[in-house]
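Welcome, and thanks for opening the viewer. Keep your selection tool handy, and let us walk through the model stop by stop.

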Amino acid sequence: MTGEPLVLGIETSCDETGVGIVRGTTLLADAVASSVAEHERFGGVVPEVASRAHLEAMVPMLERACAQAGVRLDEVDAVAVTAGPGLAGALLVGDAAGKALALALGKPVYGVNHLAAHVAVDQLEHGPLPEPTIALLVSGGHSSLLLVPDVSADVRQLGQTLDDAAGEAFDKVARVLGLPFPGGPFVDTAARDGDRTAIAFPRGLSGPRENLPDAEHRFDFSFSGLKTAVARWVEQRQRAGQEVPVADVAAAFQEAVVDVLTAKAVRAAREHGVGALVLGGGVAANSRLRAVAAERCDAAGLRLRVPRPGLCTDNGAMVAALGAELVARGRTPSALDHPADSAMPVTQVLA
Ligand code: KG4
Ligand code: ZN
């Protein structure tokens, strides 16, 4: 290997089949196929449908990524693949593909943690991650607040959702409001014309008790109470024969989510003496989350790093980015028989 490592990354933990190629921290290709349209009529991702779609999209995405990057597979120095967490069957497709490629090419395979990859991807846009950094990962599948001293070896969980993921709450509320799936972007758009102070929706796990310095859940999230509050509010209006002010409900709901997410992330940074916050996951595309995070980070003297939306949602480039970091730091690759682990702990960067 000469110079920076050429790493191919494969992501199949949910409904995106991603293949990315990086050289060091330079992004060369990011091919993504999504099966989201196939899940639309079910209102949520159907695991078997996602697995089948990964199988069908894998070879086309590998070919597209190689063409985009202008490289041949045999030039790749290492293969990285999401080993977990995620949907078991979906993970298996990507993990098997990654192992098969590594075996055929005679190159090492790195079975990596999806959440750490969401953090590492920011290096492709904004250069080396500050160490330590705080990461807020919010998507349809996860809502985690992490302390990341070293994305290649030391990732610590400060908090997570106790029930629904942030994106899941957006999707469920969108459904209540009669907006399409996945609902996050539609709620975001509807909220632009709404009054975010119109309705006082609850802020989960943010009462005075949870804010005490040693409170058990001070960095955890809960969105199911909020989701229920929105549904009740809408039902009451409908029962009374009144029109539902979709824009106001969307704006007030979104404000409740964004308020809690950003308050806890900024507090985590302050308490741990960390100077930077990285956002990741599909919900990081939310315009209000970006705006409030920017305001509050500014006020707290924190550097905010948000990858562009295409790199916030699930993709192969994030897996390649983490793989390249592991290669650069000389970490031992995974075994060829490493397991795909749907419940891979966030503290485990490498399988
Ligand atoms: O990271 P992602 O593509 O897939 C996983 O769930 O892992 O995230 C998708 C989630 C969905 O719940 C979607 O509604 C949400 O991200 N989302 C948004 C926005 N764009 C996507 N939520 C709020 N505002 C948005 N602009
Ligand atoms: Zn994700």
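Which element gives the most to the lining of the largest pocket? Select α6 (166-176): α6 gives the most, with six residues. Before going on, note that this is a predicted model, where local features need pLDDT of at least 70, side-chain atom pairs count only at pLDDT 80 or more, and totals for chains, interfaces and linings use all residues. Residues are numbered from 1 along each chain as its sequence is written, chains are lettered from A and ligands numbered from 1 in the order in which they are written, and side-chain values use heavy atoms, with hydrogens and water left out.

**Stop 1: the pocket**

Stay with the largest pocket, which holds about 1200 Å³ of space. Of its 44 lining residues, select S139, G140, G141, G167 and D171, the closest to its centre. A pocket here is an open set of points on a 1 Å grid over the protein atoms alone, where a 1.4 Å probe fits, with protein on both sides within 12 Å along at least five of seven lines; lining residues have an atom within 4 Å of a point.

Next, colour α4 (114-120), β7 (143-150), β8 (154-160), α6 and α7, each of which supplies at least two residues of the lining. Helices (H or I, at least four residues) and strands (E, at least two) are DSSP runs, numbered from the N terminus. By class, the lining divides into 15 nonpolar, 21 polar and eight charged residues.

**Stop 2: the ligand**

Now show ligand 1, whose space is the largest pocket. Around ligand 1 are 19 residues, the closest being G140, D171, G184, D188 and N286; a residue counts as near if one of its heavy atoms lies within 4 Å. That shell divides into five nonpolar, ten polar and four charged residues. Both α6 and α7 (184-191) supply at least two residues of it.

- D171: an N or O atom of its side chain is 2.6 Å from an oxygen atom of ligand 1.
- D188: a polar side-chain atom lies 2.9 Å from a nitrogen atom of ligand 1.
- G141: a polar backbone atom is 3.3 Å from an oxygen atom of ligand 1.

Taken alone, ligand 1 exposes 550 Å², of which the protein buries 89% (Shrake-Rupley method, 1.4 Å probe).

**Stop 3: the backbone**

Select P182, in the loop between α6 and α7. The peptide bond joining F181 and P182 is cis, with omega about -10°. Then jump to P85, in the loop between β4 (78-84) and α3 (88-105); the bond from G84 to P85 is cis, with omega near -10°.

Finish at L205, in the loop between α7 and α8 (224-239). What is phi of L205 near? The value is near 50°, positive in a residue other than glycine.

Note on methods. Polar contact = N/O pair within 3.5 Å; in protein donor to acceptor, adjacent residues only side chain to side chain. Sits in = over half its atoms within 2 Å of the grid points. Nonpolar A, V, L, I, M, F, W, Y, C, P; charged D, E, K, R; others polar. Points joined across faces, edges and corners; volume = space filled by probe spheres on them.
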